[in-house]
Amino acid sequence: MFTVTVRDHVMIAHSFQGALFGPAQRLHGATYVVDVEFRAEELDPNGVVIDIGAALDALKAALEPWAYRNLDDLPEFKGINTTTEYLAKVLFDKLAAEIRAGKLGRPADEISGMKVVFNESHVASAGYEGTP
């Protein structure tokens, strides 16, 4: 399996509902380093998994609406705990739609997998992976 990983970051604020979250029920900030791995069983005729530039652009565009924002204020997250795991799935879905639309330089059926990881710190991360 061939892979290509691109990386960006996003700074957000949010709060959580529920006793499980303890002090994180209060508004707090997070800076996530976000890695997205694209997988293909074969390289394309150019010898690549995916257009890295297009993948970087798509990642940056998908994260931009969240940057320097309180996620609690965004309609798409109304009443939802925007946990790291949840955000990874939302980003996965956004990028999968870009792949299916042919915007990352390779037909969707040639991308065999994608993994999104939100790194919260040097000791914790969460993610989501599947077939786009």
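Predicted model: local features only at pLDDT ≥ 70, side-chain atom pairs only at ≥ 80, totals over all residues.

**Notes on sheet, helices and core**

1. A13 stands opposite N70 in β3. Strands here are DSSP E runs of at least two residues, helices are H or I runs of at least four, and both are numbered from the N terminus. Two bridges join β1 to β3, and these strands run parallel.

2. Residues are numbered from 1 along each chain as its sequence is written, and side-chain values use heavy atoms, leaving out hydrogens and water.

3. The sheet is open and has five strands, in the order β3-β1-β2-β4-β5. Pairing is mixed. β3 (69-70) and β5 (125-130) are at the edges with a single partner strand each, so one side of each has no neighbour in the sheet.

4. Two helices lie across strands. α1 covers β1, β2 and β4, at about 20° to β1. α2 lies across β2, β4 and β5, at about 145° to β4. Axes are lines fitted to C-alpha atoms (for helices, over the stretch in contact), and angles run from 0 to 180 degrees between N-to-C directions.

5. α1 and α2 pack at about 130°, their axes 10 Å apart. A58, L59, A62 and L63 of α1 meet L91, K94 and L95 of α2. Contact means heavy atoms within 4.5 Å.

6. The largest nonpolar core has 35 residues. Such a core is a set of buried Ala, Val, Leu, Ile, Met, Phe, Trp, Tyr and Cys residues joined through side-chain atoms within 4.5 Å. V34, V36, F38, W66, L91 and F118 have the most contacts inside it. β1 (2-14), β2 (28-40), α1 (52-63), α2 (84-100) and β4 (113-119) each give two or more residues. α2 gives the most, eight.

7. What does V34 touch, leaving aside neighbours within four places in sequence? Its contacts include V6, V10, L59, L63, L91 and F118.

8. L87 lies in α2. L87 has a relative accessible area of 1%, so it is buried (under 20%, with a 1.4 Å probe and protein chains only). Beyond four places in sequence, L87 contacts Y32, W66, L71, F77, T82 and F118.

How values were computed. Buried < 20%, exposed > 50% of the residue type's maximum accessible area, 1.4 Å probe, protein only. Pairing = 2+ DSSP bridges.
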